[in-house]
Amino acid sequence: MKKLILMGRSESGKTTLKQALLKEKIQYEKTQYIHYGDILIDTPGEYAQTHHLGYALALYAYEADVVGLLVAATEPHTLFPPNITCMVNRDVIGIITKINDPKANVPLAELWLRNAGCRDIFSVDSVTGEGVEAILAYLNQPKNKTTETE
C-alpha cells in the first residue's frame, strides 16, 4: 500500500479521515504534532497555515508516496494556490471532506483542488464512510516509477 500524507487547514477533516481509513473509532482529536504511521502521515493544520511550519510539510512529503490535499466542502476559501502540485515529485490527490454537511459546496472545493493541480479528486464523508473505500483502492494500486522508494 502507498503511504499517504494528509495536508490541509485546521478542521478540514484530516484526522477524522485518517481514523476512517484505518477503520478506527471516529472521535475528535486535535492533532498537535505530525503523526507518522505505516501507511498514513497526519499533519496539524497549523503546519499548512503557518509559513515557518510549512517547511516541515515539505520534508515529510518526501516520506510519503502520495500527497493528499484536503479541502472541506464547507471552507470559505482555500490555502492551496494554483498549480501548487508541481512543487512535489509525488503523486498528489485532492480530497474533499464534509460532503454531506448542509453548508457543503462540493463543486467549489473541487474547483479549488483542480486549480491547485489535482487530477484525481475523491469526495468523502469520513463519518459515514462514503468515499473512503475509493481512496483505499487508489492507495492499493501498484506504485509507479514516480512513487517507488529505494
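Which residue just after helix 1 takes a positive phi? I looked this up to begin with, and I found that Lys23 does, at about 60 degrees.

**Ground rules.** I am reading a predicted model, in which local features need pLDDT of at least 70 and side-chain atom pairs count only at pLDDT 80 or more, while totals for chains, interfaces and linings use all residues. I number residues from 1 along each chain as its sequence is written, and side-chain values use heavy atoms, with hydrogens and water left out.

**Confidence.** I noted a mean pLDDT of 84 for the chain, with 81% of its residues at 70 or more; pLDDT is the predictor's confidence in each residue, from 0 to 100. Over residues 146-150 the pLDDT is below 50, and I found that this stretch has seven contacts in the model beyond near neighbours in sequence, a contact being heavy atoms within 4.5 Å.

**Helix 1.** For helices (H or I, at least four residues) and strands (E, at least two) I use DSSP runs, numbered from the N terminus. I call a residue buried under 20% relative accessible area, exposed over 50% and partly exposed in between, with a 1.4 Å probe and protein chains only. On these terms helix 1, residues 14-21, is mostly covered, with seven of its eight residues buried, and I listed Lys14, Thr15, Leu17, Lys18, Gln19, Ala20 and Leu21 as the buried ones.

**Other positive phi values.** I next checked Glu11, which is not glycine and yet has a positive phi near 65 degrees; Glu11 lies in the loop between strand 1 and helix 1 and counts as exposed, at 60% relative accessibility. Lys98, again a residue other than glycine, has a positive phi near 55 degrees, and I placed Lys98 in the loop between strand 5 and helix 4, where its 32% relative accessibility makes it partly exposed.

**Pro102.** I found Pro102 in the loop between strand 5 (91-97) and helix 4 (106-116), exposed at a relative accessible area of 82%. From C-alpha to C-alpha, Pro102 is 9.8 Å from Ala73, although 29 residues separate them in sequence.

**Cores.** I then looked at the largest nonpolar core, which has 19 residues, and found that Val67, Leu69, Ile96 and Leu113 touch the most other members; such a core is a set of buried Ala, Val, Leu, Ile, Met, Phe, Trp, Tyr and Cys residues joined through side-chain atoms within 4.5 Å. Strand 1 (4-7), strand 4 (66-72), strand 5 and helix 4 each supply at least two residues of this core, and the largest share, four residues, comes from helix 4. I also noted a second, separate core of 17 residues, which includes Val66, Ile93, Ile95 and Leu139. Leaving out residues up to four places away in sequence, I found that Leu113 touches Leu69, Val71, Gly94, Ile95, Ile96, Cys118 and Ile121.

**Strands 5 and 6.** I recorded parallel pairing of strand 5 with strand 6 (residues 120-123) over four bridges, where pairing requires that DSSP find at least two bridges between the strands. Within this pairing, Ile96 stands opposite Ser123 in strand 6.

**Cysteines.** Is Cys118 buried or exposed? I found it buried, at 3% relative accessibility, whereas Cys86 is exposed, at 60%. My search of the whole structure gave zero disulfides, a disulfide being a pair of cysteine sulfur atoms within 2.5 Å.
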